[in-house]
Amino acid sequence: MGEIFSPGKLMLTSEYFAMDGALVLAVPTKLGQEFSFKEKNDEKSLICWEAYHQNKLWLKAVIDYQNWQILETNIPSSAEFILKTLKNVQALSTIKFKNNFTYHLTTNLQFPADYGLGSSSTLMNNLAEWAEVDPFYLNKISLGGSGYDIAVAKEKSAIIFQSVPEVKYEKVDFDPPFKNELIFIHLNQKQDSREGISLYKSKTKSQKLVDEFSDLTRNILLCSELENFSELMLIHEQRISNFLEIPTVKARFFADCPVFIKSLGAWGGDFVMSSKFEGFKDYFWGKGFHTIFEYSDLIN
């Protein structure tokens, strides 16, 4: 049996503008997805798939990969997605699903699925590494998206990423001296990013605005003081709020918060970033937000 691990991710800058080539800063999380695999030469051409969420069995499926049929499963819709993805793996790979072996494939997501840390991207990267195929292309044909999350999973590092005119990224050393002052708060819901993306796509944007977010990313990466970092986060939030014509998450939920609140990824759900202040735990708990991570607990 072999094992592969991919970390989850948090997108710190450029949210929606990543689709138009704005520079993104993203970081890996300590939590991610494990993938284990075993092959048996038994001439049966089967895939026995088991997916766990935090060590609890969530999805089981047996797939005949000669005829690409689901023989048994407990969640048909999820098994259909796995079948489609594994069929893509077969088309791309020169080594997997080319014989009549039975493949026992097991995944374990280490974080709740509603955290938005990359349950799909970690799966794509694990499968690509196992099958020795391009993770960006596998992700593109199976899921879509800019691919920044694949880059984080692949490199297991903070990155700056650009999707236009072509995908390019580089590992960066994002280790701000004030990192122990940063916190991450979960908003108790998973955000459907498609809704936000369709709103973003419906609006006319200029190259100048895209470039402004790239500049913000560069400046945020270079920050050495929390005060400057906080100011740039506030500017970032307000620019996206003005463009989308929707209120910031701070205006909606935390209007009386004495420090910055920054959305991470699609607006309205998943995690936000903030910084510590006196009584911060009581403040967020009092508003019904009980999942609070310190930087060192969440970021790798």
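Analyst: The helix α2 is mostly covered, with 10 of its 13 residues buried, where buried means under 20% relative accessible area with a 1.4 Å probe and protein chains only. Those buried residues are S121, T122, L123, M124, N125, N126, L127, A128, W130 and A131. This is a predicted model, in which local features need pLDDT of at least 70, side-chain atom pairs count only at pLDDT 80 or more, and totals for chains, interfaces and linings use all residues. Residues are numbered from 1 along each chain as its sequence is written, and side-chain values use heavy atoms, without hydrogens and water.

From its first C-alpha to its last, α2 reaches 19 Å, close to the expected 18 Å, the expected span being 1.5 Å times one less than the number of residues. Just after α2, E132 takes a positive phi of about 60°. Helices are DSSP runs of H or I of at least four residues, and strands are runs of E of at least two, numbered from the N terminus.

The second largest pocket holds about 440 Å³ of space, the volume being that filled by probe spheres set on grid points joined across faces, edges and corners. A pocket is an open set of points on a 1 Å grid over the protein atoms alone, where a 1.4 Å probe fits, with protein on both sides within 12 Å along at least five of seven lines; lining residues have an atom within 4 Å of a point. Of its 19 lining residues, H53, W58, F81, S119 and S120 are the closest to the centre. The elements giving two or more residues to this lining are β3, β4, α1, β6 and α2 (119-131).

Terms used. Buried means under 20% relative accessible area, exposed over 50%, partly exposed in between (1.4 Å probe, protein chains only).
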